[in-house]
Amino acid sequence: MSRYELDDVKSAAVGYWPAILNRVAGIDDDYLSNRHGPCRKCGGTDRWRFTNLNNHGGAICNQCGKMGDGLAVIMEMTGCGFAEAIKQVAEFLGVKPSTTNRKSLSKDTKLDPFRNIELQPDNEQTLSFWCWQKRLSLEAIKKAKPRIAKYRKRHTVIAMPLTSDSGEPIGWTMYEAFGGKLPLYDPKTKETEWLKVKTLKLKD
């Protein structure tokens with residue numbers, strides 16, 4: 001069964017939330033600035049503000065409450081559910097649904113770790129957002145030749161290539177693209193640790 005992956009949709013939406021909210025939620029451009037004004041849903045005079053914090057499309061209304069991201073804004077303004085909000089944003093952006101069966105994702109650490117990383121098309125907006133979060137220079141990071149990738153088919157990551165002294169590729173250092181953490185499964189304890197940075201290397 002196909003479904004839209006949240007990471008894919010959020011990655012594609014970076015930098016486009018004003019246009020998305022205008023089209024999907026029917027919010028006029030006048031409401032999509034960082035100025036106090038009336039709320040499209042409940043009115044008033046200065047209770048609404050489109051914060052777009054961290055480029056996630058969020059907003060605040062003193063009566064409706066805090067909407068942490070653009071999906072929350074869509075749900076609040078249109079009354080639709082979470083899955084429908086994701087679907088509408090994905091269709092607007094042209095994001096294709098995934099056909100991956102999550103139950104088939106394995107925790108088997110004996111697999112070649114490179115099988116768990118899939119390189120994606122370059123997306124400078126996602127990379128720029130990650131650099132902004134880390135307070136890093138985009139131009140400096142580009143020199144490391146980072147790639148956008150999917151880890152275990154569900155985590156969008158910034159993957160920095162690792163090379164040997166002779167320049168041969170030997171692995172990746174990965175960072176979750178939106179500031180989250182990545183799983184490290186311990187087969188001995190059968191527990192998962194969540195890491196801010198994760199490295200995949202070919203075995204000697």
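A polar contact is a pair of N or O atoms within 3.5 Å, where within protein one atom must be able to donate a hydrogen and the other to accept it, and where residues adjacent in sequence count only if both atoms are side-chain atoms. The model on your screen is predicted, and in it local features need pLDDT of at least 70 and side-chain atom pairs count only at pLDDT 80 or more, while totals for chains, interfaces and linings use all residues. Residues are numbered from 1 along each chain as its sequence is written, and side-chain values use heavy atoms, with hydrogens and water left out.

Begin by selecting Asn123, which caps the N-terminal end of helix α5 with a side-chain oxygen 3.1 Å from the backbone nitrogen of Gln125. Helices (H or I, at least four residues) and strands (E, at least two) are DSSP runs, numbered from the N terminus. Now extend the selection to α5 itself, residues 124–134, where Thr126, Leu127, Phe129, Trp130 and Cys131 are buried; buried means under 20% relative accessible area, exposed over 50%, and partly exposed in between, with a 1.4 Å probe and protein chains only. Among the elements that cover these buried residues are α1 (6–13), α6 (138–142) and β8 (169–176). After α5 comes Arg135, whose phi is positive, near 60°.

Next, select Lys145 in the loop between α6 and β6. Most residues other than glycine have a negative phi. Lys145, however, has a positive phi of about 55° although it is not a glycine, and Lys145 counts as exposed because its relative accessibility is 64%. Asn52, in the loop between β2 (43–49) and β3 (59–61), likewise has a positive phi, of about 50°.

Move on to Val73 in helix α3, residues 70–78, which counts as buried because its relative accessibility is 0%. Leaving aside neighbours within four places in sequence, Val73 is in contact (heavy atoms within 4.5 Å) with residues including Leu21, Ile27 and Trp48. The C-alpha atoms of Val73 and Leu21 are separated by 7.9 Å, although these residues are 52 apart along the chain.

Finally, show helix α2 (residues 17–24) together with helix α4 (residues 82–93), which pack at an angle of about 110° with their axes 10 Å apart. The contact is made by Trp17, Ala19, Ile20, Arg23 and Val24 of α2 and by Gln88, Val89, Phe92 and Leu93 of α4. Axes here are lines fitted to C-alpha atoms, for helices over the stretch in contact, and angles run from 0 to 180 degrees between N-to-C directions.
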